[in-house]
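Morning, everyone. Please bring up the model on your screens, and we'll walk through some sites together.

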Amino acid sequence: MFCSLSILVSLLLGACLLGKAVAYNSDDEVLNYKEILQDVNYTDVSYAQSPSGESVETLGFLFETMDASVRVSSPINEQSLWLENVVNYRNIPGVFPDGMDYFFDGLATLTKFEFKDGKFTMFTQNYHSRAFDDWEKCVFFGTGTGPTRPTDETSREVCFKNPLVMMLPINGKLWLTIDTRSWGLVDMNSLDTLNGNVAAPGMTLNAHPACDRLMDKCFVQYPCPTDKRHILNGEVCIGEVREEAKGDHYILHVDERSRQSLDRKKLVQHSHSPCVTPNYVVAKLDEFEAISPKNNKSGLLKFLHQGEVNEWMVMDRRDNSSRILQSTHSFVNNHFWNCYETADGINVQTVAVTSDYLDMFFKEKLVLNEVPDWKKGFMSTLECTVPFTGDEVTCSELTDAVFDYPTFNPYYKMNPSYQYFYAVGPRDVETSTFFDSLMKFNGKTGEIAAEWHRDNIFLTEANFIPRGDESGAEDDGVLFTIAYNSEENMSYAYLFDAATLDLVDSYCLETMVPFHAHGIICKEGTCFSNP
Ligand SMILES: *[C@@H]1O[C@H](CO)[C@@H](O)[C@H](O)[C@H]1NC(C)=O
Ligand SMILES: *[C@@H]1O[C@H](CO)[C@@H](O)[C@H](O)[C@H]1NC(C)=O
Ligand SMILES: *[C@@H]1O[C@H](CO)[C@@H](O)[C@H](O)[C@H]1NC(C)=O
């Protein structure tokens, strides 16, 4: 999902609504909004109202602030002793101030789950953004929130940095990612907030950079205008990230490797989840479309939605050459996962979603005991072939099962013989009120090979922990996920056998852990990016 686009909204407000120029100060993450905000109408009422006007109640792990002080430490159960030295990190929308009624605007909170010295532990820290530290002074403008009215009436400080989507592990630190260039940085051990900035030429970047672990390279796709303020842009690039340490300040540079000019400009071009194979980088060129402002929505989604488009950019890693292609299907790419090369081209599987997908996470769409309109947000999952030459990507339906947050054995990344992927989804689109099923899929046919669900249990992304090394069987390992029991209002770490999806171990987390999208696994010091 495209979360916390506040920087973009502010630019849009400046550029589209008020017709004023936006000035930057020397720090390229901080905009001078003061001038713009003089004219902005603040949101000071909650928009999360049911049609009858009553305020909305949601599942207990949605829109609730997490108690970050809870620490867990319990002996590792015998069947999981082999997980010694495995760590799972999760980036959680963990803080919901009053009036924040869009789920993926919750303020970034990091939790570390660790199997160490015979103990399973949980440790949480809030990411110290200005929005977290100084909320009462903040004018917050997110994907579906704001602009909020600061309680400190004298303040006009706009707070937009909230990197709550993913984590990119580099040199003992985690870059906290989002689809804008406003990433954050924390120490991998202490989870302390560090001083880090991304130096990207445009305003967007990928929440899921495409990493080749063996080559120690991570690729990104981004709009590459000459002027950062341009929100309409026809130049698109693929580059590589490179971290630079300057004392206690870290800069993540984006080095351009290939550039293309499109025959039309895209509004806020972005690519949530590009992928990599040994010889290629593949990105879908997604964008936003303006809509007539909706009074029952706040934030960016009041003015924009994601466009269902069909352009792609593909780069050959051997010579940096690139192509623009069009696919037979138009959609929004929520997630590519395990791309690989075959004799016919690059196989790309994608969780395809619609222009309405992001709207699913407004509070008023997540009413307790109501079934969301799953099929309005999700299209069928697609399997596409990117040819080695030419400009047409052919897609067909892989499955019509609704799911998201696909994962797989990280040792099988880019491997054409890969057979399985795992994902969470609604057990039944007619009855499920949220993600309540874990599924194992045959990656070649799209058939469901195994499934787990239990009444009143809701699930977050499952992360694959391989039991052995590269030589192990593909489904020899466990899936680690954070489950929420809605009857008990309590969260658990659950471990499933990746072959059978039997629940093999569980640990009570002694508190409610909010729903969240993504996590990463580190094993014996090696971290796997996700995907
Ligand atoms: C806003 O109003 C429209 C039209 O009444 C409705 O379809 C939609 O569900 C409402 N809420 C949101 C968040 O879009
Ligand atoms: C591709 O780009 C990288 C980074 O700019 C450069 O180091 C490399 O030499 C280029 N490769 C070719 C074949 O041009
Ligand atoms: C659920 O538990 C959390 C703490 O773990 C608490 O903050 C929240 O109020 C509880 N919700 C309900 C509905 O009891």
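Start at ligand 2. The side chain of Asn320 puts an N or O atom 2.3 Å from an oxygen atom of this ligand. This is a predicted model, so keep that in mind throughout. Which residues sit around ligand 2? They are Glu256, Arg257, Arg318, Asp319 and Asn320. On its own, ligand 2 exposes 370 Å², and the protein buries 37% of that. Now the make-up of the shell. Around ligand 2 there are 4 charged residues, 1 polar residue and no nonpolar ones.

Next, ligand 1. Asn296, Lys297, Phe362, Glu364 and Lys365 surround it. Take the polar contacts one by one. Asn296 has a polar side-chain atom 2.2 Å from an oxygen atom of ligand 1. Lys365 also reaches an oxygen atom of ligand 1, with a polar side-chain atom at 2.6 Å. Glu364 faces a nitrogen atom of the ligand instead, and its polar side-chain atom lies 2.8 Å away. How much of ligand 1 does the protein bury? Taken alone, ligand 1 exposes 360 Å², and 53% of that is buried by the protein. The shell around ligand 1 splits into 3 charged residues, 1 polar and 1 nonpolar.

On to ligand 3. Glu64, Asn489, Thr511 and Met512 are the residues around it. Look at the oxygen atoms of this ligand. One pairing involves the side chain of Asn489, where an N or O atom is 2.3 Å from a ligand oxygen. Another involves the side chain of Thr511, with an N or O atom 3.0 Å from an oxygen of ligand 3. Met512 takes part through its backbone: a polar backbone atom is 3.0 Å from a ligand oxygen. Ligand 3 exposes 360 Å² when taken alone, and the protein buries 46% of that. By class, the shell of ligand 3 holds 2 polar residues, 1 nonpolar and 1 charged.

First up, Thr407. You will find this residue in strand 27, which covers residues 404-407. Is Thr407 buried or exposed? Its relative accessibility is 5%, so Thr407 counts as buried, given that the cut-off for buried is under 20%. What does the Thr407 side chain reach? It reaches the backbone oxygen of Ala462, at 2.8 Å. Now set aside the neighbours within four places in sequence. Thr407 is then in contact with Phe421, Tyr422, Glu461, Ala462, Asn463 and Asn530. So Ala462 turns up both as a partner of the Thr407 side chain and in the contact list of Thr407.

Second, Thr500. This residue lies in a loop, between strand 34 at 490-497 and strand 35 at 503-508. Where does Thr500 fall on accessibility? Its relative accessible area is 38%, so Thr500 is partly exposed. A polar atom of the Thr500 side chain lies 3.1 Å from the backbone nitrogen of Asp502. There is also a partner from elsewhere in the chain. Thr500 and Ala450 are 50 residues apart along the chain, yet their C-alpha atoms are separated by 6.4 Å.

To recap the pair: Thr407 is buried, and Thr500 is partly exposed. Thanks, and over to you for questions.

Conventions. Residues numbered from 1 in each chain as written. Chains lettered and ligands numbered in written order. Predicted model: local features only at pLDDT ≥ 70, side-chain atom pairs only at ≥ 80, totals over all residues. Heavy atoms only, no water. Near = heavy atom within 4 Å. Polar contact = N/O pair within 3.5 Å; in protein donor to acceptor, adjacent residues only side chain to side chain. Areas by Shrake-Rupley, 256 points an atom, 1.4 Å probe, with all protein chains shown as cover. Nonpolar A, V, L, I, M, F, W, Y, C, P; charged D, E, K, R; others polar. Helix = DSSP H or I, 4+ residues; strand = E, 2+ residues; numbered from the N terminus. Buried < 20%, exposed > 50% of the residue type's maximum accessible area, 1.4 Å probe, protein only. Contact = heavy atoms within 4.5 Å.
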